[in-house]
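Please look through the sequence and the model shown below before reading on. The report that follows takes up a few places in turn.

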Amino acid sequence: MIPRRTVAFAAVLLAASCGQGEATGGAPVAVQTGPTQVAVFAGGCFWSVEKNFEEMPGVISAVSGFAGGRTASPSYDQVVRGGTGHLESVQVTFDPRRITYRQLVDRFWRTIDPTDAEGQFCDRGAPYGTAVFATAAQKADAEASHRAAVAVVGAARFVTPVRDAVRFWPGEAYHQDFARRNPVRYGGYSRFCGRGARLRAVWGEAAGE
C-alpha cells in the first residue's frame, strides 16, 4: 500500500508530513558511560516516537530508522513507497540502572493509538504500522506490558503486536532529532494530525504526547 499523505500545513509551517524534512543536521551522538541496552519500537511517524523517548530520564539516545522488512539498508523513499515490509521505527538506547525496559514499553503504548491498523493519526499506510520488537530476553516484559495495555483498551480493539526483534536500519541523517531541530514544524504537524486529542480519547489522563 502506498501511504496517503493527508497533511497540508499553512505556508508558515513550510508544509510537511512525517519524514519530509530538509536534508540538514546529523544523527544524535550518544554519550555512554556504563552498560546500556537497546529497544526498538514502531509507532507511526518516527519523529514522534523519537521525541517521546528522548524526553524520558534514563534514555541515552533515540534513533529514527526502519525495522521489520525484507530489504537491506532501505532508504526512506523505498519504505514509504511500500513493498519493503519495513515500519518506521526508533531504536532506543537506555541505561537499565535508571529506567527499565518494562517502563519503556509501558510508556510506548500511551504514545500511540493501538486500535488503528492502518497507520497512526494522519500518516496512513503500511510503513506507519505499530509494533514492539522484542528480543528473547525482553519478550516476557513486553508481553506482560502488552496484556496490561490490552486490559485498558479492550482486546477486540487492540491491534498492535509484540514481534520478534529483527535488524534495525538507521534512517538518513536528516531524519534524526527532527522535533528538536524543527520545533515549529513539528508542533504544527502534531496539532494538525490531532495526536493529543486522539491519545486522550484512547488513554484518558494516562495519555502521552
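## A glycine in a loop

Gly83 belongs to the loop that runs between α2 (76-81) and β3 (87-94), where helices (H or I, at least four residues) and strands (E, at least two) are DSSP runs numbered from the N terminus. Gly83 is exposed, with a relative accessible area of 62%; here exposed means over 50% relative accessible area, buried means under 20%, and partly exposed lies in between, with a 1.4 Å probe and protein chains only. Although Gly83 and Gly69 are 14 residues apart in sequence, their C-alpha atoms are 8.7 Å apart in space.

This is a predicted model, in which local features need pLDDT of at least 70 and side-chain atom pairs count only at pLDDT 80 or more, while totals for chains, interfaces and linings use all residues. Residues are numbered from 1 along each chain as its sequence is written, and side-chain values use heavy atoms, with hydrogens and water left out.

## The chain as a whole

The protein chain has seven helices and eight strands, and buried residues make up 50% of its 209 residues. Among the contacts (heavy atoms within 4.5 Å) in the protein chain with a separation of 6 or more, 78% are between residues 24 or more positions apart.

## The nonpolar cores

A nonpolar core is a set of buried Ala, Val, Leu, Ile, Met, Phe, Trp, Tyr and Cys residues joined through side-chain atoms within 4.5 Å. The largest one has 43 residues, and those with the most contacts inside it are Phe41, Phe53, Tyr101, Leu104 and Trp109. Helix α3 (residues 101-109) gives this core its largest share, five residues. A second, separate core has eight residues, including Val40, Ala42, Leu87 and Ala131.

Once residues up to four places away in sequence are set aside, Phe53 touches Phe41, Val59, Ala62, Val92, Leu104 and Phe108.

## Helices with a buried face

Which residues of α3 are buried? They are Tyr101, Leu104, Val105, Phe108 and Trp109. Seen down the axis of α3, these buried residues fall within an arc of 135°, so they line one face of the helix; the arc is that of the directions from the helix axis to the C-beta atoms. An α-helix has 3.6 residues a turn, so residues three or four places apart point the same way.

In helix α7 (residues 195-203), the buried residues are Arg195, Gly196, Leu199, Val202 and Trp203. Viewed along the axis of α7, they fall within an arc of 130°, so they too line one face of the helix. What covers the buried residues of α7 includes α1 (46-54), α3, α4 and α6 (183-193).

Ser145 lies in helix α4 (residues 139-153) and is buried, with a relative accessible area of 1%. Leaving aside neighbours within four places in sequence, Ser145 is in contact with Arg102, Val105, Asp106 and Trp109.

## Residues with a positive phi

Most residues other than glycine have a negative phi, and most peptide bonds are trans. Ser73, in the loop between β2 (59-67) and α2, is not a glycine and yet has a positive phi of about 50°. Asp177, also not a glycine, has a positive phi near 55°; Asp177 is placed in the loop between β8 (168-170) and α5 (178-181) and is buried, with a relative accessible area of 4%. Just after α7, Gly204 takes a positive phi of about 65°.
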